Amino acid sequence: MLSSLDDSAARSRAASAAPFGAASAHLAFADVEPGEDQRWSTWPATQPSERGPQPRPDWLVTSAAAIDTELGVVKTGKEADLLLIERAVPNAPADVPGTRSLLAAKRYRGAEHRLFHRSAVYTEGRGTRRSRDVRAVQRSSSYGREVARTEWAYAEFAALSRLTELGAAVPYPVQVSETEVLMEFIGEGRVAAPRLAQVRASRDDLRELFQQVAGFMRTLAYAGLAHGDLSPYNLLVHRERVIAIDLPQVVDVVANPNGFDLLHRDCVNVCDWFTRQRLECDAEELFAELVADVTG
């Protein structure tokens with residue numbers, strides 16, 4: 001169950017909700033308290049650096065009066081679980097922008113769960129951390145695992161923010177707090193968009209999907225980046241648009257000594273899948289084009 005904030009925070013949120021209440025001056029939300037699987041919106045508690053880039057979408061709910069409600073698990077994984085969250089201002093008219101939206105909450109697992117399989121191959125070339133933290137992560141101590149999952153959450157948020165600014169097709173990153181990344185939910189209603197691996201398409205549609213994937217990879221390459229773990233399982237297809245997910249391992253191709261190898265693996269993974277769908281795709285040709293984008 002999600003925890004609620006203290007009474008003073010609740011009163012603050014109730015006060016900010018007044019515009020949506022009835023004309024009574026007695027704060028329409030004064031008696032509203034989060035119930036089971038609910039919490040007050042965590043947006044007010046985040047720092048500006050922990051919020052998504054501007055300009056922010058008009059659907060984003062930033063009201064301190066909003067309540068987050070867990071609607072269920074979208075996906076479980078070895079390192080993180082993805083949950084569906086509704087962030088809404090109670091009693092707000094449904095047609096008022098910025099009062100209700102669905103979000104995906106990616107929560108990295110705690111120290112009691114299995115270790116991250118993310119290898120140091122992804123983190124080489126990144127900024128240095130405190131030596132104590134580095135040693136703890138290397139020893140896989142309980143503290144080290146806590147440090148690791150927090151680092152991956154912030155790395156994913158940073159990657160989503162950077163790619164959003166580059167115009168890449170990724171979910172909009174709403175905020176990050178400790179080990180939770182809140183982002184735009186990609187789907188219809190409460191149903192998540194299918195992964196590329198689940199899509200059955202005509203040759204013409206496959207060709208269009210491949211062009212979108214290659215375009216995403218080029219956008220990253222122009223910025224000197226690679227996804228690092230790209231596959232048809234972390235590409236969603238929503239309304240004929242390909243959207244990339246699972247981004248904490250994004251690498252700087254030049255700064256990371258494994259960068260070009262990871263970029264090549266992305267090309268092979270993508271082209272192998274499209275080839276199996278009987279769409280001609282040359283991984284080496286794609287890799288050469290992306291290397292030119294990185295180095296050019």
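Student: What percentage of the contacts with a separation of 6 or more joins residues 24 or more positions apart?

Tutor: The model is a predicted one. Contacts are taken here with a separation of 6 or more, and those between residues 24 or more positions apart are then picked out. Their share of these contacts in the protein is 68%.

Student: How many helices and strands does the protein have?

Tutor: The chain has 296 residues, of which 47% count as buried. Its secondary structure consists of six helices and twelve strands.

Student: How are helices H4 and H5 oriented relative to each other, roughly parallel or roughly antiparallel?

Tutor: Two packed helices are described by the angle between their axes and the distance between the axes. For H4 (residues 203-222) and H5 (residues 259-276), the axes come within 11 Å and cross at roughly 175°. An angle over 145 degrees counts as roughly antiparallel. The two helices, H4 and H5, are therefore roughly antiparallel.

Student: Which residues of H4 and H5 meet, and how many of the residues in the contact are charged?

Tutor: From H4 come Leu 206, Leu 209, Phe 210, Val 213 and Met 217. They meet Asp 266, Cys 267, Val 270, Cys 271, Trp 273 and Phe 274 of H5. By class, the contact of H4 with H5 has ten nonpolar residues, no polar residues and, as for charged residues, one.

Student: Which residues does Val 213 contact beyond its neighbours within four places in sequence?

Tutor: Val 213 is one of the residues of H4 that meet H5, and it is also among the core members that touch the most others. With neighbours within four places in sequence left aside, its contacts are Leu 196, Leu 230, Leu 235, Val 242, Val 270 and Phe 274.

Student: Is Leu 160 buried or exposed?

Tutor: Leu 160 belongs to helix H3 (residues 142-166). Not counting residues up to four places away in sequence, it touches Val 170, Pro 171, Pro 173, Val 181, Met 183 and Leu 247. Its C-alpha is 8.7 Å from that of Ile 245, a residue 85 positions away in sequence. Because the relative accessibility of Leu 160 is 1%, this residue counts as buried.

Student: What is the relative accessibility of Ile 85?

Tutor: Ile 85 is placed in strand E3 (residues 80-88). Not counting residues up to four places away in sequence, its contacts include Thr 69, Leu 103, Ala 105 and Leu 182. Between Ile 85 and Thr 69, which are 16 residues apart in sequence, the C-alpha distance is 5.5 Å. Ile 85 counts as buried because its relative accessibility is 0%.

Student: Is Pro 90 buried or exposed?

Tutor: Pro 90 lies in the loop between E3 and strand E4 (100-108). It is ten residues from Arg 100 in sequence, with 8.9 Å between their C-alpha atoms. Because its relative accessible area is 17%, Pro 90 is buried.

Student: What is the phi of Glu 178, and what is that of Arg 239?

Tutor: Glu 178 sits in the loop between strand E5 (173-177) and strand E6 (180-184), and Arg 239 in the loop between strand E10 (235-238) and strand E11 (241-244). Glu 178 counts as exposed at 60% relative accessibility, and Arg 239 is exposed at 63%. Glu 178 is not a glycine, yet its phi is positive, at about 55°. Arg 239 is not a glycine either, and its phi is about 55°.

Notes: Residues numbered from 1 in each chain as written. Predicted model: local features only at pLDDT ≥ 70, side-chain atom pairs only at ≥ 80, totals over all residues. Heavy atoms only, no water. Axes fitted to C-alpha atoms, helices over the stretch in contact; angles between N-to-C directions. Helix = DSSP H or I, 4+ residues; strand = E, 2+ residues; numbered from the N terminus. Parallel < 35°, antiparallel > 145°, perpendicular 65-115°, else oblique. Contact = heavy atoms within 4.5 Å. Nonpolar A, V, L, I, M, F, W, Y, C, P; charged D, E, K, R; others polar. Core = buried A, V, L, I, M, F, W, Y, C linked by side-chain atoms within 4.5 Å. Buried < 20%, exposed > 50% of the residue type's maximum accessible area, 1.4 Å probe, protein only.
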